[in-house]
Amino acid sequence: MAFAPGASRGSNARLPPEVNRILFVRNLPYKITTEEMYDIFGKYGPIRQIRVGTKTDTKGTAYIVYEDIFDAKNACEHLSGFNVMGRYLVVLYHQPQKAHAKIDREKKKEQIEELKKKYNLDSDK
């Protein structure tokens, strides 16, 4: 199912801004192995890296990094909703700017609170 080199990859092919080489996968079976992940996702193109979550808060998730953005797009389109061991995969493009935005907001709130304390301002005003 992988694209032939150059197939549907015209030089003026425009991709949406959220599309990138890194996919974030949720709802994975806890017992899935990295080899099984390579078997499933490797059908869509060469993979640079797979990181499967092992901690309690990251179990059932993984990051898949493809060599080519078009392979990642093809995998995302075909594997979102794919049934693996009785679980339907949720495949998304990794969006680091959204993850960092939440952290940045928290830091800014802390900075505002520090400034309020420094200048003796009430937070009720």
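**Side-chain pairs and helix packing**

The structure, a predicted model, holds 1 aromatic pair. Phe-24 and Tyr-63 make it up: their ring centres lie 5.1 Å apart and their planes meet at 45 degrees, so the pair is tilted, given that stacked needs under 30 degrees and edge-to-face over 60. The two partners come from distant parts of the chain, with Phe-24 in strand β1 (residues 22-26) and Tyr-63 in strand β3 (residues 62-66), 39 residues apart. Phe-24 counts as buried at 18% relative accessibility, whereas Tyr-63 is partly exposed at 35%.

Now for the helices. In α1 (residues 34-41), the buried residues are Met-37, Ile-40 and Phe-41. They cover an arc of only 80 degrees around the axis, so they sit on the same side of α1. On the face turned away from that buried side, α1 carries the exposed residues Glu-35 and Asp-39. The cover over the buried residues of α1 includes strands β1, β2 (47-52), β3, β4 (83-84) and β6 (90-93), along with helix α2 (69-79).

Helix α2 has its own buried set, namely Phe-70, Asp-71, Ala-72, Asn-74, Ala-75, Cys-76 and Leu-79. These residues pack against β1, α1, β3 and β6. At the start of α2, a side-chain oxygen of Asp-68 comes to within 3.1 Å of the backbone nitrogen of Phe-70. Just past the other end, Gly-81 takes a positive phi of about 90 degrees.

On the charged side of things, there are 3 salt bridges. One of them joins Arg-48 and Glu-67, with the closest N and O atoms 3.0 Å apart. Since Arg-48 belongs to strand β2 and Glu-67 to the loop between β3 and α2, this pair ties together parts that are 19 residues apart in sequence. Glu-67 is partly exposed, at 37% relative accessible area.

The other salt bridges lie within helices. Lys-73 pairs with Glu-77, with a closest N to O distance of 2.6 Å; both residues are in α2, 4 residues apart, about one turn of the helix. Lys-73 is partly exposed at 21%. In helix α3 (residues 96-118), Lys-116 and Glu-113 are 3 residues apart, again about one helical turn, and their side chains meet at 3.9 Å, N to O. Both partners are partly exposed, Lys-116 at 22% and Glu-113 at 39%. An α-helix has 3.6 residues a turn, so residues three or four places apart point the same way.

Definitions and conventions
Residues are numbered from 1 along each chain as its sequence is written. This is a predicted model: local features need pLDDT of at least 70, side-chain atom pairs count only at pLDDT 80 or more; totals for chains, interfaces and linings use all residues. Side-chain values use heavy atoms; hydrogens and water are left out. Rings of Phe, Tyr and Trp (its six-membered ring) pair if their centres lie within 6.5 Å; planes under 30 degrees apart count as stacked, over 60 as edge-to-face and the rest as tilted. Helices (H or I, at least four residues) and strands (E, at least two) are DSSP runs, numbered from the N terminus. Buried means under 20% relative accessible area, exposed over 50%, partly exposed in between (1.4 Å probe, protein chains only). The arc is that of the directions from the helix axis to the C-beta atoms. Contact means heavy atoms within 4.5 Å. A polar contact is a pair of N or O atoms within 3.5 Å; within protein, one must be able to donate a hydrogen and the other to accept it, and residues adjacent in sequence count only if both atoms are side-chain atoms. A salt bridge is a side-chain nitrogen of Lys or Arg within 4 Å of a carboxyl oxygen of Asp or Glu.
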